[in-house]
Amino acid sequence: MRLLLLAPPGGGKGTQGERLAAWSGARHIAAGDLLRAQARAGGVLGDEIAAHQARGDLVPDEIVLDVLTPAVTEAAAHGGYILDGFPRTLPQAIAAADLAARLGVTLDAAVYLYATDAVLTRRLLDRASQSGRSDDKADVIRHRLQVFAETTGLLVPYYTERGILVQVGADQSPDAVTADIQARLSKLGLSPDAHP
């Protein structure tokens, strides 16, 4: 199973990615986690990633592709992947689709988790009080939601045109969101038992 999770910050990509990985046997690859790990590792690349993240800006495409491509290729060869947090822009999506086609690891579906800005902001502020993430502050959250709307939001029509978009309301309990995603994927013939 090869899935992409699209959601604004606070939309539940991480939670649903882990749950779908357990359900499907595919590897959950969180782009943000890989980039944060690289930022913590330091060096020229890590420092550049950290600077973009501290501002709430997107990390440049070529850096993201360099960090993610090996992980996605390896996962595709061993049960599939659930990619969370990439692509985030239309150029990234087109580049990723071209690369995936060359590698034979094209997407089965793009799952879009949507919720209102008020719900997303509340979730991110709650998360900040628990984890202390530097990008979960009110002004940075507003900027991140605006960046999502202007960039990643453009992927919804792109994946709709490709016929692989699955939309799920994220303003419900995590269990209900998971069940909704699983039901919609099963209707498309994408469930663990559909892939021997």
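Leaving aside its neighbours within four places in sequence, with which residues is T178 in contact? The legends below, which describe a predicted model, take up this question in the first view and then turn to other parts of the chain.

View 1. T178 is found in helix α9, and, once the neighbours within four places in sequence are set aside, the residues in contact with T178 are Q16 and R19. With a relative accessible area of 8%, T178 falls under the 20% limit and is therefore buried.

**View 2. The packing of helix α1 against helix α9.** Helix α1, which covers residues 13-24, packs with helix α9, residues 174-187, at an angle of about 50°, and the two axes are 10 Å apart. This angle makes α1 oblique to α9, and the crossing in which α1 passes α9 is right-handed. On the α1 side the contact is made by T15, Q16, R19, L20 and W23, which meet P174, D175, V177, T178, I181, Q182, L185 and S186 of α9. Sorted by class, the residues in this contact are six nonpolar, five polar and two charged.

View 3. Five strands with parallel pairing form an open sheet, in which the order is β2-β3-β1-β4-β5. Strands β2 and β5, the latter made of residues 165-169, are the edge strands, and each of them pairs on one side only. From one strand to the next, the twist averages 20°. Helix α9 packs on this sheet, where it touches β1, β4 (residues 109-114) and β5, and the direction of α9 makes about 155° with that of β5.

**View 4. Strand β3 between its two partners.** Strand β1, residues 2-6, runs parallel to β3 and is joined to it by four bridges; R2 has Y81 of β3 as its bridge partner, and L5 stands opposite D84. Strand β2, residues 27-30, is likewise parallel to β3 and joined to it by four bridges, and here H28 has I82 as its bridge partner in β3. In general, the strands of a sheet pair through backbone hydrogen bonds, in either a parallel or an antiparallel manner.

View 5. P87 itself lies in the loop between strand β3 and helix α5, the latter being residues 90-103.

**View 6. The crossing of helices α2 and α3.** Helix α2 (residues 31-41) and helix α3 (residues 43-55) have axes that come within 7 Å and cross at roughly 120°, and the two helices are therefore oblique to each other. The crossing in which α2 passes α3 is left-handed. From α2, the residues G32, L35, R36, Q38, A39 and A41 meet G43, L45, G46, I49, A50 and Q53 of α3. By class, this contact of α2 with α3 has six nonpolar and five polar residues, together with one charged residue.

Terms used:
Residues are numbered from 1 along each chain as its sequence is written. This is a predicted model: local features need pLDDT of at least 70, side-chain atom pairs count only at pLDDT 80 or more; totals for chains, interfaces and linings use all residues. Side-chain values use heavy atoms; hydrogens and water are left out. Two strands pair if DSSP finds at least two bridges between them. Axes are lines fitted to C-alpha atoms, for helices over the stretch in contact, and angles run from 0 to 180 degrees between N-to-C directions. Angles under 35 degrees count as roughly parallel, over 145 as roughly antiparallel, 65 to 115 as roughly perpendicular and the rest as oblique. A crossing is left-handed if the near helix is turned anticlockwise from the far one by less than a right angle, and right-handed if clockwise. Contact means heavy atoms within 4.5 Å. Ala, Val, Leu, Ile, Met, Phe, Trp, Tyr, Cys and Pro count as nonpolar, Asp, Glu, Lys and Arg as charged, and the others, Gly among them, as polar. Buried means under 20% relative accessible area, exposed over 50%, partly exposed in between (1.4 Å probe, protein chains only).
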